[in-house]
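This report describes a strand arrangement and the aromatic contacts around it.

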Amino acid sequence: MTSVNMRLLVILYLGFLCLLAKAAPLPKGIKYKDWVITANDDMTMNIVHKGKVILKNAYVKAKAGENYIESLNYKTADIQESSFEDVTGKGKKYTVTYTGLGKPDIQQIFYFYPNNDYFLTEVYLNSDTEI
């Protein structure tokens, strides 16, 4: 292989990597069948079903006593995937955990069933101290 061809190959490879980086979805998100839930940098989520935006910039807001706790006020979030089975059947469970120093953890859980065209979600506040 000549040096010109090798240089061209390296340039094409680098260009391909740049395209992948631009086209790659956010690293934190959920994809299940026709559903896509993307996590935004501001701790909001976009929920898309079959290519149609259902909710944009959605976030968790929970009332604890007289105070509101919102996912918008957190700096980090993590998504874990697992399988589950309940009386409705088997499916995939995605747990989004928001953490912040001195704040209760927010856990938002998404339940997807393979034969249903919807998902269920619930939210928990977890803390070592009284909320």
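## Aromatic pairs and the sheet

Tryptophan 35 and phenylalanine 119 are both buried (under 20% relative accessible area, with exposed over 50% and partly exposed in between; 1.4 Å probe, protein chains only). The model is predicted: local features need pLDDT of at least 70, side-chain atom pairs count only at pLDDT 80 or more, and totals for chains, interfaces and linings use all residues. Residues are numbered from 1 along each chain as its sequence is written, and side-chain values use heavy atoms, with hydrogens and water left out.

The structure holds eight aromatic pairs. Rings of Phe, Tyr and Trp (its six-membered ring) pair if their centres lie within 6.5 Å; planes under 30 degrees apart count as stacked, over 60 as edge-to-face and the rest as tilted. Two of the pairs are listed here.

| Edge-to-face pair | Centre to centre | Between the planes |
|---|---|---|
| Tryptophan 35 and phenylalanine 119 | 4.9 Å | 90° |
| Phenylalanine 84 and tyrosine 113 | 5.3 Å | 75° |

Phenylalanine 84 lies in strand S7 and tyrosine 113 in the loop between S9 and S10, so their pair ties together parts 29 residues apart in sequence. Strands are DSSP runs (E, at least two residues), numbered from the N terminus. Tryptophan 35 is in strand S2 (residues 35-39) and phenylalanine 119 in strand S10, so that pair links parts 84 residues apart in sequence. Phenylalanine 84 is buried, at 14% relative accessible area; tyrosine 113 is buried at 5%.

Four strands form an open sheet in the order S7-S8-S9-S10, with antiparallel pairing; two strands pair if DSSP finds at least two bridges between them. Its edge strands are S7 (76-86) and S10 (119-126). Seven bridges join S8 (residues 89-99) to S9 (residues 105-112).
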